[in-house]
Amino acid sequence: MRTQNSRVTSPKKLIVASSMTMLLGLSLVACGTDSDTTTPAPGSASSSVAATMATADAGSVAAGAEAFAATLTDDQKASLQQEYSLENAQKWSNLPQALLRGGQGRIGLQLSELDDTQIAALDTLLQAVTGSATGDGYDEIQQLLNADDYLAANGGGTDYGRGNYYIAFLGTPSDSGTWELQFGGHHLAFANTYVDGALVGATPSFRGVEPFGTFEQNGTSNSPLANEQSSFAALLAGLSTEELATAKLDSVYSDLVLRPGNDWAFPTTKEGVQVSTFTPEQKQLVMAAIATYVDDIDDADATTILAKYERELGQTYVSYSGSTGVTEQNDYVRIDGPSVWIEFSMQHGIVLSGNHPHSVWRDRTTDYGGTQE
């Protein structure tokens, strides 16, 4: 096992040790490219790690993955199926695929290559592995795909749009052994790692959106990441003047600390105000903010992970930089616990005017499944 700040010395292989001592996993996600964007819209490590996280029956996940693969041509299957390696798991980004260089582009099967039947099968798979809450999980993914379609139609061009997202299987989907499901693209990185049918890693997980706010696209009113932003604003509004002073960071944060490509860079010293000093109502606000990320995964596994984070809540810290409204450029909020790490950062607009958020959920103990060479 690694320490949280150790470096990867051999990124091309992960070693799966005995099932009673170590369970390896990867996590992250990838997607995006500059090709056609006319894809039809989808329907609208150690054993202690496994014991903590594994509550959902991942058999349905493997079956759904196999059902999706069964709809593909041989060439499509060859793109979908990738080697299970740390190197492949790290190929995720918040950028469009067209901007990724030097072999860092996403891998897998591009959504623009799928027909309606294949999209429907993918849709079923995504619903099986994501949460059911409005504005989180599956619903949030659909809204983020709509956001990229909006960018494509409003100045972004063919580098944007849902056709530039990718789906990949790292390893062979099965209820035995290790494999990872990747899905994502611009502003979206989603991955689950399964070992012997149990979820052992759901991070790194990235969410961002441009435009930020309510917009109409594909016949739907969308406001992705509204749950996250409003939860952080409510959390900071619930702190006293003294608590805000303690929580305020000295530096200006214009980007995420644990952004893509900056793995295991967790600070050794926690900053901000310790949640153990909070009232029960304030602690509920912290858990509500955490839930907007954990609820992106399937409901059963989310319940288990949230319970773990709640047990560790007293050792968790909240900090921020900028203003407390969490809407202005360089507004930044962080939740840092023994396991949980969440960042929310307001960025300047790229395609459109106005600010938009980037955010990431990491886990100090289960990032990439919890093991690093």
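Predicted model: local features only at pLDDT ≥ 70, side-chain atom pairs only at ≥ 80, totals over all residues.
The structure contains 11 aromatic pairs. One of them joins Phe169 and Trp179. Phe169 sits in strand β3 (residues 166-170), whereas Trp179 belongs to strand β4 (residues 178-185). The two residues are 10 apart in the chain, and their pair links distant parts of it. Both Phe169 and Trp179 are buried. They also belong to a cluster, in which ring pairs connect Phe68, Phe169, Trp179 and Tyr194.

Helix α9 (residues 280-294) packs against two helices, α10 and α7. Helix α10 spans residues 299-311. The axes of α9 and α10 are 10 Å apart, at an angle of about 145°. The crossing of α9 and α10 is right-handed. On the α9 side, the contact uses Met287, Ile290, Ala291 and Val294. On the α10 side, Ala302, Ile305, Leu306, Tyr309 and Glu310 take part. By class, 8 of these residues are nonpolar, 1 is charged and none is polar.

Helix α7 covers residues 226-237. Its axis comes within 9 Å of the α9 axis, and the two cross at roughly 160°. The helices α7 and α9 are therefore roughly antiparallel. Their crossing is left-handed. Helix α7 contributes Asn227, Glu228, Ser231, Phe232, Ala234 and Leu235. These meet Gln282, Leu285, Val286, Ala288, Ala289, Thr292 and Tyr293 of α9. The contact of α7 with α9 has 8 nonpolar, 4 polar and 1 charged residues.

Conventions: Residues numbered from 1 in each chain as written. Heavy atoms only, no water. Phe/Tyr/Trp six-rings, centres within 6.5 Å; stacked < 30°, edge-to-face > 60°. Helix = DSSP H or I, 4+ residues; strand = E, 2+ residues; numbered from the N terminus. Buried < 20%, exposed > 50% of the residue type's maximum accessible area, 1.4 Å probe, protein only. Axes fitted to C-alpha atoms, helices over the stretch in contact; angles between N-to-C directions. Left-handed = near helix turned anticlockwise from the far one by under 90°. Contact = heavy atoms within 4.5 Å. Nonpolar A, V, L, I, M, F, W, Y, C, P; charged D, E, K, R; others polar. Parallel < 35°, antiparallel > 145°, perpendicular 65-115°, else oblique.
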